[in-house]
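Reader: Hi! I have a model open on my screen and would like to talk it through with you. Shall we start with how the chains meet?

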Amino acid sequence: MILLLAIAALLLAGGVALSYVIGATAVLSFVAADRTMFLAAIPQKIVAHIDNFTLMSMPLFILAGEIMNRSGVTQALLRLAMLMFGGLRGGLGHVNVATSVFFAGISGSAVADAASLSNMLVPQMRKEGYRDTYAAAITAASSVIGPIIPPSIVMIFYGALMGTSVAGLFVAGFLPGLLLAAALMLLNAVYSRREGYASQSTPMSDKRAVIRDALPALLIPVIIIGGIVFGIVTPTEAATLSVFCALIVGRLYGPFDRAGLFAAFRRTAVLSGSIFLILSAVAAFGYLAGLQQLPTRMAEWLIGLGFDGWTYLLLLNVVFLIAGMFLEVPVALALLVPLLAPTAVTMGVDPVHLGIVICLNLTIGMASPPFGACLIIVSTVTGVGYWRLCRAVIPFVLVEIVILLIVTYVPGISMVLPRLFGYAG
Amino acid sequence: QSVSLAYDTPPSYDVQPSYRWAKNFTDKLAEAGFEVETFANNSIGGEAERFDQMRSGLLNVDMGGYAFGIQLVPEMEVIRLPFVFDSMEHLSNYLKTSGFIDEMNEKMKGSGVHVLAIIPLTGFAGFFNNKKPIATLADFDGIRMRALDASQLKLIEAIGANGVVIPFSEVPAALQTGVADGYINPVNVPLTFGHGDLLKYYTDSGMFVSVRLAMASESWWDGLSDQDKAKVDAAVAYADNDLMTWTTGAVEVEKQKLRDAGFEVTELSPDARAEFVAATASVVDQLDIPNKDVYLQAIEAAKP
Amino acid sequence: MSALLTLSRRLKRCDDALNAAVTVACVACFVIMLLTVALQILSRYVLASPPFWTEELARWSMVWGGLLGATVAFHEGADPKLYQPPLRRPWVRVAQAVARLAGAWIFLGTVLWFSVPFLARQAQQVSEGLGISPVWVALAVPVSAVVICLHALALALTAPFLPPPINHDPEQDLH
Ligand code: NA
Ligand code: NA
């Protein structure tokens, strides 16, 4: 056991990617547990975990985001947010949050949001006199909105693991996402008053051009969200439509050649491949856990602790928040959802509501110190020192945790829309 | 001797036929002195993964879908053809007296699989929908039914409905939004999976019995002594008998549960049934199964 | 020493060529996936009769595209990692290359070893949609494993002689 941990630590320190650390450690664990012959099931595990219809919307949404970043659709949305909120005190802070909301309707990934918005907004905020730690912190914090407002790669994973309707999850994420945005804007207003951050309005003459430019770009989230909410398309089909929308709308914004398209596809393949390999490695570990009856024992243990309904949800919140701070989202989901979620469902929590809570937990974890992925991205892109960013983001994370608790214990916020549109009983 | 078995449903002895069968089977084996290890549903993998583990000898017994059997021996399809059985007793009698399973195992030799039992789910499959009661073939006009797979799609089209293949996890969304109006499933499915509010009408189709398989790994089976094989056979017989007695009562219980949940329950009249038999005959004719007619005659002869 | 350097360069070129070919293949797979789903939507809403093989073809292209994409990610060092050692010193470079070799070979070597009986079992089955053997999708696992193991070997052999191959773009990691 200690030897295994030592090998894993050595591989990690050597800069080996997570999937290979997990995979190699899993293989050695089978040997250590005297289950070597069961390694024969691993190839089948890999195929079974990837050959999954629900998973297909993930690469498609990644592709749509790639095309939009390369074609200028993202920039058009940014200018619209500027027009709407730039005039308020602390305007650029509001713009940062609002752009995340628009962006969230297109992209499924918090990291994609953090990376592109750090690049576009933080230099501008710095120029307008915002503290650079503050600009970086609000960018990291608002990237959490991305996976809560549909589409969402986290929800696609959860849906695939739990056999829950991804469309239902998407509909459910809408209100909690807006609530999160409102809370962050409120915090920005408070800070801007204290620090005296200025407003920055769009010149009157540009306004019509900005709106005209943004309209086609806004069509994409409308098609995606509308199509899914009204049940016209499945999430996979919506993802495909959004790719074609992005291609068509992207043409309006500027040159987008075959090389750009190839690059978008190539990066989609690389990102999906990295995620698939993590899924495969974790599946190997999960199999060993199953053989050793760990899920059953863990569920029995947790139930034996006397947690029920609400206290069990609190326990889940703590576990997933911590998981989000240290683990990649696909890893955390693949490791923990099959272990912990079914118990909550037997306790009467709706799987859709549970999905929103878990998704919110993990993405807040991604923006939380000490190892949140979004913080690492924002810090690298903006050049703001990592630990300074960690300190600056703490108030934002605390506000997000308050929202998390509200969403957890007022199921109505997530469930009202799914009930309205018939995705839940 | 020892045996490991993987369940395919959550542990609900009074609702899930295949759980009930597997629990009785392993309990009997434990009584007979076997060391039993069971794996909870999905704890060592989904359908395809468990099947592969069983074939490769890592798992002794797997509770799995009937389609796996058909993939190895196409003749197994005859059990699922529309309107070949009149009643659950007819099916039970055929399985017990015809030697069908032994014959299939003979053909399956070398594939890594040895079928222990064919497990009927709760009664005949039913037509569920939220548009109108189905009493005759004509009622299916304008109804869009969700199909499980390509072969069910053919069946749905044969009875005059439109079909659309949808994965099970997207079924509630499809029903709500009208992508599909209904589906074909055993009587207990809507209430077990929370589709109660999404469907209104149920008709006992009498068309076919949904079945699953209890499959042993061939290497494990071949390694058993004759004495141990006899113990396994006795456990299978015990679990089979219990299930058949239980199913008959369970269908009525589940129909009452549907009525209590506000469903309109319809039974097909003999005339209406004849219409459905005629409409699906072409599906049976077109299917390319070796010695199909021989099997159909044997099934006919097993009528109780 | 210079002979080794030339040899390393040549090996690196072969490895890069392999990666370039695989890149084209995985992009092609994703294009097929996109077009297949588009066809599925079109046939469902316009022609009202979905062909039942589209879903399977789309899924299988995703599996192939994704697993081949994983080999490209390995070649670029783009998979998410928790820690990236500074690659300026040669001995750190060698140590990382060896660690990556060990990780890839232990994990994927095992996968490769057990792929042979797995493929044999798959060969006896028939898929639901396309009606062909699922061995055609399962094959993606050993093929990608072989490519990654080759990349890892090439990396370890050339690491002592060649400067770090990757421009470390932070945005590429940690998705
Ligand atoms: Na989103
Ligand atoms: Na933002």
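Reader: How many residue pairs are in polar contact across the interface of chain A and chain C?

Author: The rule finds two such pairs, both at pLDDT 80 or more. A polar contact here is a pair of N or O atoms within 3.5 Å; within protein, one must be able to donate a hydrogen and the other to accept it, and residues adjacent in sequence count only if both atoms are side-chain atoms. Keep in mind that this is a predicted model, where local features need pLDDT of at least 70, side-chain atom pairs count only at pLDDT 80 or more, and totals for chains, interfaces and linings use all residues. Residues are numbered from 1 along each chain as its sequence is written, chains are lettered from A and ligands numbered from 1 in the order in which they are written, and side-chain values use heavy atoms, with hydrogens and water left out.

Reader: How many salt bridges cross between chain A and chain C?

Author: The rule finds two, a salt bridge being a side-chain nitrogen of Lys or Arg within 4 Å of a carboxyl oxygen of Asp or Glu. One salt bridge joins C:Glu76 and A:Arg266 at 2.3 Å, N to O.

Reader: What about chain B and chain C, how many salt bridges there?

Author: The count is one. C:Arg121 pairs with B:Asp52, and their closest N and O atoms are 2.6 Å apart. The area buried between chain B and chain C is about 1100 Å², of which carbon and sulfur atoms give 48%. B:Asp52, B:Arg55 and B:Gln71 supply 42% of the area that chain B buries against chain C, more than any other three residues.

Reader: Changing topic: what are the protein donors of the sodium ion (ligand 2)?

Author: They are A:Asn96 (O), A:Asn96 (OD1), A:Ser100 (OG) and A:Ser142 (OG), at 2.1 to 3.0 Å from the ion. Donors are N, O and S atoms within 2.8 Å of the metal (3.2 Å for Na, K and Ca); water is not among the atoms, so sites may look incomplete.

Reader: Where do A:Asn96 and A:Ser100 lie?

Author: Both are in helix 6 (residues 91-104) of chain A, four residues apart, about one turn of the helix.

Reader: Are those two buried or exposed?

Author: Both A:Asn96 and A:Ser100 are buried. Buried means under 20% relative accessible area, exposed over 50%, partly exposed in between (1.4 Å probe, protein chains only).

Reader: Why is helix 8 of chain A largely enclosed by the rest of the structure?

Author: Because ten of the eleven residues of helix 8 (residues 132-142) are buried. A:Ser142 is among them.

Notes. Helix = DSSP H or I, 4+ residues; strand = E, 2+ residues; numbered from the N terminus. Buried area = accessible area lost by both parts, 1.4 Å probe.
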